[in-house]
Amino acid sequence: MFFEFTREESPRVIDESRHASSLDERFENALRGAATAWRQAVDRRLRRLGVDRISWMTITAATQARSPLSQSALADALAVSRASMVHTIDRLAKNGLVKRELSAFDRRQKRIVVTDAGAQLYSLLKDEVAGVRRHMLAIVEPEKLVHLTDLLEKLQELLRPPSVS
């Protein structure tokens, strides 16, 4: 049960379920807003270097993958349409940052491999994005950051679709 004090200092009972719903919505809006602001801050930094976010994310995903990913696997990993991924990879390949290789297991699939130039760009951009991250997280105490990170990881796990075996 929550109480709200009015100007007359007489307490008024607040419906707890309504308050919880309001807090849920506030959390959702804050989470979405923080994610949007974070992406926009990274976008501004990358734009000055002539790179867009989808290119950065594609190079990052391809660089960090244990083995070369297909175009469709990259699209799924980045939650973008396959058509959009094809255009992004076309542009990155034209700029010499990635190349398409035939899969040894399925000749219909193309695997995306980061070139040496793409790896150099990745190293540069990784440092730029890390700078944005450090700037944004500088206001958060380390203990709170651990708590918030744990919370967000639990939410991701809860919201992840069940794996089909």
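Contact means heavy atoms within 4.5 Å. By that criterion, and not counting residues up to four places away in sequence, Val140 touches Leu145 and Leu148. Val140 is found in the loop between α5 and α6.

The structure is a predicted model, in which local features need pLDDT of at least 70, side-chain atom pairs count only at pLDDT 80 or more, and totals for chains, interfaces and linings use all residues. Residues are numbered from 1 along each chain as its sequence is written, and side-chain values use heavy atoms, with hydrogens and water left out.

**Overall organisation**

The secondary structure of the chain comes to six helices and five strands; helices (H or I, at least four residues) and strands (E, at least two) are DSSP runs, numbered from the N terminus. Read from the N terminus, the elements follow the order β-β-α-α-β-α-α-β-β-α-α. Of the 165 residues of the chain, 22% count as buried, where buried means under 20% relative accessible area, exposed over 50%, and partly exposed in between (1.4 Å probe, protein chains only). Among contacts in the chain with a separation of 6 or more, 45% involve residues 24 or more positions apart.

**The sheet**

Three strands form an open sheet in the order β3-β5-β4, with antiparallel pairing. Because β3 (69–70) and β4 (98–102) each have a single partner strand, they stand at the edges, and one side of each is left without a neighbour in the sheet. Two strands pair if DSSP finds at least two bridges between them. The table lists the two pairings.

| Pair | Sense | Bridges | Bridge partners |
|---|---|---|---|
| β3 and β5 (110–114) | antiparallel | two | Ser70 and Arg111 |
| β4 and β5 | antiparallel | five | Glu101 and Arg111 |

Arg111 is 38 residues from Ala73 in sequence, and their C-alpha atoms are 9.3 Å apart in space. Ala73 belongs to helix α3 and is partly exposed, with a relative accessible area of 28%.

**The nonpolar core**

A nonpolar core is a set of buried Ala, Val, Leu, Ile, Met, Phe, Trp, Tyr and Cys residues joined through side-chain atoms within 4.5 Å. The largest such core has 22 residues, and those with the most contacts inside it are Trp56 and Met85. The elements α1, α2 (53–64), α3, α4 and α5 each give two or more residues to this core, and the largest share, five residues, comes from α5. Leaving aside neighbours within four places in sequence, Met85 is in contact with Ile54, Thr58, Gln71, Leu74, Ala75, Leu78 and Val80.

**The largest pocket**

On a 1 Å grid over the protein atoms alone, a pocket is an open set of points where a 1.4 Å probe fits, with protein on both sides within 12 Å along at least five of seven lines; lining residues have an atom within 4 Å of a point. The largest pocket holds about 1200 Å³ of space. Its lining comprises 24 residues, of which the closest to the centre are Leu31, Ala34, Ala35, Trp38 and Leu152. Two or more lining residues come from each of α1 (16–48), α5 (116–137) and α6 (142–159), and α6 gives the most, with nine residues. By class, the lining has 19 nonpolar, two polar and three charged residues.

Which residue has a positive phi although it is not a glycine? Ala79 does, with a value of about 55°. Most residues other than glycine have a negative phi. Ala79 is found in the loop between α3 (71–78) and α4 (82–94), and its relative accessible area of 71% makes it exposed. Val140, in the loop between α5 and α6, counts as partly exposed at 22% relative accessibility.

Technical notes:
Grid points are joined across faces, edges and corners, and a volume is the space filled by probe spheres set on the points. Ala, Val, Leu, Ile, Met, Phe, Trp, Tyr, Cys and Pro count as nonpolar, Asp, Glu, Lys and Arg as charged, and the others, Gly among them, as polar.
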